[in-house]
Each structure stands twice: as C-alpha cells, then as structure tokens.
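Please read each one alongside the coordinates.

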Amino acid sequence: MSQVPGGHFLLKFGSRGKGDGEFDRCRSLHFDSEGCLWVVDAYNNRIQKFDAEHQFLYKLGSQGGNQMEPGQFNAPSDLAFDQEGCLFVTDTRNNRIQRLDPQGEFMLMFGKGGTKEGEFLTPRGITIDHQQRVYVVDSDNNRIQVFDPEGRFLHSFSGPKILGGNLNVPYGITINKNGKILVADNHNHRIMVFSMN
C-alpha cells in the first residue's frame with residue numbers, strides 16, 4: 001500500500017468528563033468568523049468555545065428535558081452560524097431549534113415534537129445559506145425543513161420518488177459554494193444533492 005502525504009498527527013485536546021474542556025459525545029465542531037472553535041458536547045448538553053490555540057474560553061447551555069427551558073439542551077447535535085454570528089443549535093431530544101446570540105444569550109426557539117410542518121422528530125444537522133434560510137435535518141421524519149431566521153416555516157423536501165426514493169433517517173447537511181445542498185442520507189448509505197432552483 002502506497003503512502004499518501006498528509007494526515008500527520010499534530011495534537012489532541014480534551015478527554016471524557018464534565019469539566020471545562022472535557023467532553024461526553026462531542027458531536028460536531030465549527031469555526032466562527034474569528035477563528036474560534038465551537039464544539040457540540042452532546043451528552044453534557046452544552047456548547048463549548050475554544051480559541052485558535054484550543055484553549056477553553058467558555059461554555060453555554062445546561063441539561064434540559066421535559067421543562068424545555070430556554071438555553072437548556074437535551075443531547076444537541078449540530079450548530080450553524082448566521083451572518084451576524086448568531087448560533088442556531090439542533091436541540092435534538094427536545095425536538096426544537098434554539099437561536100443564541102454570539103455571546104450565547106438565548107434569542108428564540110422554534111419547533112416541537114411531531115410530524116406537521118415546523119415540527120421535528122430528532123432534528124440533527126443544520127446549515128444556513130447565503131439568503132439566511134435555515135435548513136434542518138428532521139431525521140426521523142425523513143425530510144429537510146427550511147425556515148427563515150425567525151423560525152417561520154418555508155417548505156420541506158425529502159427527495160424524489162425516482163432514483164432510489166426518499167431520504168431515510170438523514171443526519172448531516174452542508175451547502176457548497178455553488179449553492180447545492182448535500183445531505184447525508186444515513187440509512188440509504190449515500191449522499192443526496194439538491195438545488196433550491
């Protein structure tokens with residue numbers, strides 16, 4: 001087997017635990033416009049922020065279950081930043097999305113458990129396009145739902161009946177530089193590509 005340049009290990013940080021800089025099921029990570037790293041620490045029900053040198057800065061969120069208080073999470077999965085640096089977080093087991101300002105202060109939340117428009121069953125991935133539309137992977141409803149920045153439902157899609165059928169428990173989502181929407185169609189073992197045109 002030939003060796004491919006790259007992939008050299010540099011460092012690691014974090015370990016299992018509940019302290020600052022420790023994790024329990026870190027689900028996703030994203031850089032903000034200032035180069036800081038935000039980590040979704042799912043089973044600690046929080047988001048942690050690190051500087052460019054991977055030093056812990058602060059954390060936001062706490063355990064939230066049936067009470068569903070603002071700023072509390074229950075196994076969050078992913079986050080996305082809008083143009084103002086606000087965070088949209090998939091609060092997965094609470095079946096809702098929370099929007100926080102760049103300092104982590106609660107702004108709004110939308111969604112609840114269900115199958116209707118604007119409702120979720122296990123929301124996972126999330127991304128935002130250049131028009132500030134918010135795309136949420138509504139995993140157990142096998143669809144993508146699209147909202148405006150204030151959480152108002154716009155529409156949803158789940159894939160064509162042809163070419164292998166609808167999404168099946170999708171997880172991740174991203175948008176490329178050409179505006180195409182790529183979805184990790186988890187149980188169908190494929191990537192689906194969509195256009196808003």
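A residue is called buried under 20% relative accessible area, exposed over 50%, and partly exposed in between, with a 1.4 Å probe and protein chains only. This is a predicted model, in which local features need pLDDT of at least 70, side-chain atom pairs count only at pLDDT 80 or more, and totals for chains, interfaces and linings use all residues. Residues are numbered from 1 along each chain as its sequence is written, and side-chain values use heavy atoms, with hydrogens and water left out.

1. Aromatic pairs. The structure holds nine aromatic pairs (rings of Phe, Tyr and Trp, the last by its six-membered ring, with centres within 6.5 Å; planes under 30 degrees apart are stacked, over 60 edge-to-face, the rest tilted). Phenylalanine 120 and phenylalanine 147 form a tilted pair, at 5.7 Å centre to centre and 55° between the planes. This pair links distant parts of the chain, 27 residues apart: phenylalanine 120 is in the loop between strand 8 (106-110) and strand 9 (123-128), and phenylalanine 147 is in strand 11 (residues 143-147). Strands here are DSSP runs (E, at least two residues), numbered from the N terminus.

2. Phenylalanine 147 is buried because its relative accessible area is 1%, whereas phenylalanine 153, at 24%, counts as partly exposed. Elsewhere, ring pairs link Phe13, Phe23, Phe50 and Phe56 into a cluster.

3. Glutamine 98. This residue lies in strand 7 (residues 96-100) and is buried because its relative accessibility is 0%. A polar atom of its side chain lies 2.8 Å from the backbone nitrogen of glycine 71. Beyond its neighbours within four places in sequence, glutamine 98 is in contact (heavy atoms within 4.5 Å) with residues including Glu69, Pro70, Phe88 and Met109.

4. Four strands in the order 1-2-3-4 form an open sheet with antiparallel pairing; two strands pair if DSSP finds at least two bridges between them. Strand 1 (26-31) and strand 4 (56-60) are the edge strands, each pairing on one side only. Strand 2 (residues 37-41) and strand 3 (residues 46-50) are joined by five bridges, and tryptophan 38 has lysine 49 of strand 3 as its bridge partner.

5. Cysteines. There are zero disulfides in the structure (cysteine sulfur atoms within 2.5 Å). For cysteine 26, the nearest cysteine sulfur is that of cysteine 36, 18 Å away. For cysteine 36, the nearest is that of cysteine 86, at 16 Å.

Technical notes. Polar contact = N/O pair within 3.5 Å; in protein donor to acceptor, adjacent residues only side chain to side chain.
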